[in-house]
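Colleague: I have a chain open here and want to go through it with you. Can you take my questions as they come?

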Amino acid sequence: MTVDTQQQTRLYGVCDYYDAESLLTAGERRVLGRLRTFLDEKARPLLADYWERGEFPDELSEPLIGLDLMEPAELRGPEGSPARGIYQGFRIFELARTDASLATFYTAQAGLFRTAIRVGASAEQQAEWMPKVIDFSLKGVFSLTEPESGSDIAGGLSTTARRDGDAWILDGAKRWIGGAATADVLAVFARDVADGQVKAFLVEREAPGVTLEKIHGKTALRMMQNAHITLEGVRVPESMRLHNVESFRDVAAMLRAMRSDVAWIATGIAAGAFEAALRYVTERRQFGRTLGSFQLVQEKLARMLGNVTSALSLVVRLTEQQSKGIYRDQDSALAKMQTSLLMRETVALAREVVGGNGITLETDVARFHADAEAVYSYEGTHEINALIVGRALTGESAFTR
């Protein structure tokens, strides 16, 4: 299907009940239509092979960057105002409904690293770095998680930073850092040994003392290259410290924004699994009829569509709220928690209706089914996000101390 033909049809016809089309301008639909054409025609044919090999399709990186998706020129206002939040959300949705690793690859730059600069950098640093972040001439990754700390990371980082004249010395390790091997810099969060507070630094990937190891043996997000990073006496100039990060509270502000991106990814994965299952049951025949003609299959299809529609309602409302400048921990935590639950049920139902073929890569369902498990846990597990919501509801913290 060509881009011109796509623009004459609805991008989100399968979710008519929600009417996602009405949320987007004509320009936004054109940009998203180009993205969908690229994903359907260039990316999708490669995914099963690369997923099975556990390698990222590097030949897609530059063409994807070349689509100018982060801040499309045609969507900027007369004064250069940024693309709308709802467009950015559906950009993530489009990527994730094709593949979770592609979505994670792109949001590592457009979401995590860009947020680190937007929230953590000083005005002068932003003026220098942000244009390079947007055009990918400065590629970076968000390096917070550690080998022995995941959900309890707020309790204290093991990675340390020690001031030494006009520089800092970093020692420690980071883990599960997606895209680190192709990044120019690593946004590393470390505990200042002088005051015990969290600081953040842009560390050159090839700086002396930095070692990267690919994490092998994954059963989810197999295309995404996650790294274990070791930092031994790494020297970083003060100019490369993110000057607006002075405590974990500043990191929490970043996480608050990034959880909404992951909620969009979860929603996209659910949509991709549902659409793959729908394609299969309308073509596959059993007992002389298409699978889609059986009552029990139709019931599962209806539940899947209900889940996708419900998840879209959550993420769209959250994005509308954040576009007004309202950022609350409990809102993004609720969205990430619930969309991940809906995603998990949806990929399981998709696997059910596809039957035995649902565990092969040929139908796409197996890929969504496996990748959903990683998304279910990252950017806050179900339990951690539930406790954030519970704290807001009751005024009492149930986190262990």
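Colleague: What kind of model is it, and which cut-offs apply?

Modeller: This is a predicted model, where local features need pLDDT of at least 70, side-chain atom pairs count only at pLDDT 80 or more, and totals for chains, interfaces and linings use all residues. Residues are numbered from 1 along each chain as its sequence is written, and side-chain values use heavy atoms, with hydrogens and water left out.

Colleague: What does the pLDDT average over the protein chain?

Modeller: The average is 91, and 93% of the residues score at least 70. pLDDT is the predictor's confidence in each residue, from 0 to 100.

Colleague: Where does pLDDT stay under 50?

Modeller: Over residues 1–8. For that stretch the model has 13 contacts beyond four places in sequence, a contact being heavy atoms within 4.5 Å.

Colleague: Changing topic: what is the radius of gyration?

Modeller: It is 21 Å for the protein chain, which agrees with the value near 21 Å for a compact globule of 401 residues. The radius is taken over C-alpha atoms, and the globule rule is 2.2 Å times the number of residues to the power 0.38. The C-alpha atoms fill a box of roughly 75 × 50 × 45 Å along the principal axes.

Colleague: How many helices and strands are there?

Modeller: The protein chain has 11 helices and nine strands. These are DSSP runs numbered from the N terminus, helices being H or I with at least four residues and strands E with at least two.

Colleague: Why is strand β4 largely enclosed by the rest of the structure?

Modeller: Because seven of its eight residues, 185–192, are buried. Buried means under 20% relative accessible area, exposed over 50%, partly exposed in between, with a 1.4 Å probe and protein chains only. Across the protein chain, buried residues make up 53% of the 401.

Colleague: Which strands run parallel to β4?

Modeller: β1 (residues 140–143) does, joined by four bridges, and so does β2 (residues 160–164), joined by two. Strands count as paired if DSSP finds at least two bridges between them. G140 has V185 of β4 as its bridge partner, while T160 stands opposite R191.

Colleague: And how does β5 run against β4, parallel or antiparallel?

Modeller: Antiparallel, with seven bridges joining β4 to β5 (residues 198–204). V185 stands opposite E204 there.

Colleague: What about the hairpin of β4 and β5?

Modeller: Five residues lie between the strands, and G196 takes a positive phi near 75 degrees.
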